[in-house]
Amino acid sequence: MRFRSLRTLTGAFLLAFLVATIGTGVAIHSITLQTIERLVDRRILVVSDAIAGVPGDRRPPDVFRRIDAAMRERDTGDIGLLLVDANGRRLGGNITLSRRLPLGFSTIARDDRIAGLSAGRALVRTLDGGMTLTTVAETEPFDDYNAARTRIYLIGFGSIVLIVIGGMVFLVVTIGRRIGETRRTVEAIIDGDMTRRVPIHPSGGEFAHQAMAFNRMLDRISDLMASISNVSNDIAHDLRTPLARLRSQLALTVRRAETAAQREDLEAAIAMSDELLAMFAAMLRIAEVEGGDRRAAFASFDLADLVREVGDMMQPVVVDSGRHLDIVVKESVQIVGDRQLLGQAMVNLIENAIRHTPTGTRIEIGVVSTKAATMLTVTDDGPGIPADQRKLALRRFGRLDISRHDVGHGLGLALIDAIVRLHRGTLSLEDAGPGLRVVLSLPRG
């Protein structure tokens, strides 16, 4: 059995504790009763032996005399005695039985209607001449003692159970609150709020020390990430300006080119400059999206309308490329997010499908909603991506061998993945059989 949650672990512990406590209580109660019965049996056996006498001394007058003496003695005054003949007629004693008891030891209760006795033990034995001697003693020092003892057990063990349950509830609530604080901090950091920290309670203790250590780790991670991000952003910002100047200079040089070959080489250099500028723009865009600041502008909108809008906008582009675009939307789907970013992600996916599929490919964009999530899909029946290279395709600057010489910088899917993660969703590449299916799984609005 696997304990997957604090609640399950607590429930299992309480169940084991209750079983052990109840079992212990029942065992103690049972052993106590058995011990009392053995002691009472031993006592009535001694009294019965004394009254019965030895062989040769068991004549009725002798037995009557010993019974009368036993009833007058203080030590045996609480013993019940009954002597009957072979026909069951009463010959002597201080009790009357409502039923015939079996030979040997047996248990009697209130239903036997013996005056002054609520529970006890009896010993029945035969004497000379067919007589039967019954000796009875109480197993309760006072009436309803067993019920009182049961109440004592219930109160004693019940108070222990209540104390343990109360302590466990307090412990679970306390630990659960601390875990909740840590989880909310982690979720905020995942969403891009790198300044979020676990609250530290002024009372101190292990939880406070744990929170302090966790926060120090987050500070260190935040510093390292900020350093890396700053380097990337600085490089992107600093290189964009000279690249833009270089492009402008190349554009001016093209006009002064003396031959067609020179003009062609300069235009190729301009295209490469544009590609570098696009790459730096994509890097800055990814950094902006991963910062999480755009989540503040999230709003509710119909994803199905956005799919139709993007599909209608991209339809001429797809047709001009010699491919076919289908828009599959069956119903309205409300989500909460950034409409502009998700629209950009769809445009990028359609452009990727155009770039990496042959002429005549059928491209489909659609949205499906379930109880758990909303799936935005872009599917094509092109060559697809081998399963062992899909992780590489999602990586920044990841270029597959088949597209190594194509135009692109390997940041398209990385940008889409950043947009999806901003919406607390996931991006996956699947086999469309044939072709590729890109699935953007987004939480329901």
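The following questions and answers go through a predicted model and the reasons behind the terms used for it.

User: What makes the contact between Asp49 and Arg125 a salt bridge?

Analyst: The closest N and O atoms of Asp49 and Arg125 are 2.5 Å apart. A salt bridge needs a side-chain nitrogen of Lys or Arg within 4 Å of a carboxyl oxygen of Asp or Glu, so the pair qualifies. A search of the whole structure finds 11 salt bridges.

User: Which parts of the chain does the pair of Asp49 and Arg125 link?

Analyst: The pair links distant parts: Asp49 is in helix α1 (residues 6-52) and Arg125 is in strand β4 (residues 119-126), 76 residues apart.

User: Why are Asp49 and Arg125 called partly exposed?

Analyst: The term covers relative accessible areas between the limit for buried, under 20%, and the limit for exposed, over 50%. Asp49 has 38%, so Asp49 is partly exposed. Arg125 has 21%, so Arg125 is partly exposed as well.

User: What makes β7 and β11 edge strands?

Analyst: The sheet is open and has 5 strands in the order β7-β9-β10-β12-β11, with mixed pairing. β7 (324-329) and β11 (426-431) are its edge strands, as each pairs on one side only. The twist averages 15 degrees from one strand to the next.

User: How do you know that β9 and β10 count as paired?

Analyst: Strand β9 (residues 362-369) and strand β10 (residues 373-380) share 7 bridges in the antiparallel sense. Pairing needs at least two bridges, so β9 and β10 are paired. Ser369 has Thr374 in β10 as its bridge partner.

User: Where does helix α6 lie?

Analyst: Helix α6 (residues 303-320) lies across β7, β9, β10 and β12 (436-443). The helix runs at about 170 degrees to β7.

User: What makes up the largest nonpolar core?

Analyst: This core has 41 residues, and those with the most contacts inside it are Leu303, Val307, Met346, Val367, Ile416 and Leu440. The elements that give two or more residues to this core are α6, β7, α7 (339-355), β9, β10, α9 (412-422), β11 and β12. α7 gives the most, with 9 residues. Beyond residues up to four places away in sequence, Met346 touches Leu303, Leu306, Val307, Val310, Ile365 and Leu376. A second, separate core of 16 residues includes Ile44, Ala52, Ile79 and Ala137.

User: Why is α9 called largely enclosed?

Analyst: Of the 11 residues of α9, 9 are buried, so the rest of the structure largely encloses the helix. The buried residues include Leu413, Ile416, Asp417 and Leu422. After α9 comes Arg424, whose phi is positive, near 60 degrees.

User: Why is Ile350 called buried?

Analyst: Ile350 has a relative accessible area of 0%, and buried means under 20%, so the term applies. Ile350 lies in helix α7. Not counting residues up to four places away in sequence, Ile350 touches Val310, Met314, Val318 and Ile365. Ile350 and Met314 are 36 residues apart in sequence, with 7.8 Å between their C-alpha atoms.

User: Is Asp41 buried or exposed?

Analyst: Asp41 has a relative accessible area of 13%, which is under 20%, so Asp41 is buried. Asp41 lies in helix α1. Apart from neighbours within four places in sequence, Asp41 is in contact with Phe105 and Arg121.

Note on methods. Residues numbered from 1 in each chain as written. Predicted model: local features only at pLDDT ≥ 70, side-chain atom pairs only at ≥ 80, totals over all residues. Heavy atoms only, no water. Helix = DSSP H or I, 4+ residues; strand = E, 2+ residues; numbered from the N terminus. Axes fitted to C-alpha atoms, helices over the stretch in contact; angles between N-to-C directions. Contact = heavy atoms within 4.5 Å. Buried < 20%, exposed > 50% of the residue type's maximum accessible area, 1.4 Å probe, protein only. Core = buried A, V, L, I, M, F, W, Y, C linked by side-chain atoms within 4.5 Å.
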